[in-house]
Amino acid sequence: DADLLSHDWMSSHVRLEVVIEEDQVEVIVRSILKEAHTGLPGDGILFVSPLDLVYRIRSGDTITTHRR
């Protein structure tokens, strides 16, 4: 069996960005909090913020979200 808490398996930093519909925020947050929790220092921080505008880099087009 692998010891997932051993130094070999642990990463010093991970950044995960997820874009979801507003009505899914609570479910996704609960799931991340449950699955990411180890009880050890450094479990992380979870930010939730609105996404009002998206820009397509290739074309410069603006994509509006459903919040508008």
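Is Ser-12 buried or exposed? Ser-12 is exposed, because its relative accessible area is 67%; here buried means under 20% relative accessible area, exposed over 50%, and partly exposed in between, with a 1.4 Å probe and protein chains only. Ser-12 sits in the segment before α1. Its C-alpha atom is 8.8 Å from that of Gly-42, a residue 30 positions away along the chain.

Before we walk on, a word about what you are looking at. This is a predicted model, in which local features need pLDDT of at least 70 and side-chain atom pairs count only at pLDDT 80 or more, while totals for chains, interfaces and linings use all residues. Residues are numbered from 1 along each chain as its sequence is written, and side-chain values use heavy atoms, with hydrogens and water left out.

Let us take the overall plan next. The chain contains one helix and two strands, and they follow one another along the sequence in the pattern α-β-β. Helices (H or I, at least four residues) and strands (E, at least two) are DSSP runs, numbered from the N terminus. How confident is the predictor here? The pLDDT expresses the predictor's confidence in each residue, from 0 to 100. Its mean over the chain is 83, and 78% of the residues reach 70 or more.

Now for the chain as a whole. Of its 68 residues, 1% count as buried. The chain exposes about 6,900 Å², and carbon and sulfur atoms supply 54% of that area; accessible areas come from the Shrake-Rupley method with a 1.4 Å probe, and for residues only the protein chains shown count as cover. Take the contacts with a separation of 6 or more: residues 24 or more positions apart account for 12% of them, where contact means heavy atoms within 4.5 Å.

The charged side chains come next. A salt bridge is a side-chain nitrogen of Lys or Arg within 4 Å of a carboxyl oxygen of Asp or Glu, and by this rule there are two. One joins Arg-15 to Glu-17, with the closest N and O atoms 2.8 Å apart; both of these residues are exposed. The other links Glu-26 with Arg-30, where the closest N and O atoms are 2.7 Å apart. Glu-26 counts as exposed because its relative accessibility is 56%, whereas Arg-30, at 48%, counts as partly exposed.

Finally, look at a nonpolar patch on the surface. Val-19, Leu-51, Val-54 and Ile-63 form this patch, with about 310 Å² of accessible area together. Patches are made of residues with over 30% relative accessible area and no salt bridge: like charges are joined within 9 Å, and nonpolar side chains (Val, Leu, Ile, Met, Phe, Trp, Tyr) within 5 Å. Leu-51 lies in the loop between α1 (25–36) and β1 (53–55), and its 36% relative accessibility is why Leu-51 counts as partly exposed. Val-54 is in strand β1 and is likewise partly exposed, because its relative accessibility is 30%. The C-alpha atom of Val-54 is 6.4 Å from that of Thr-64, which is ten residues away along the chain.
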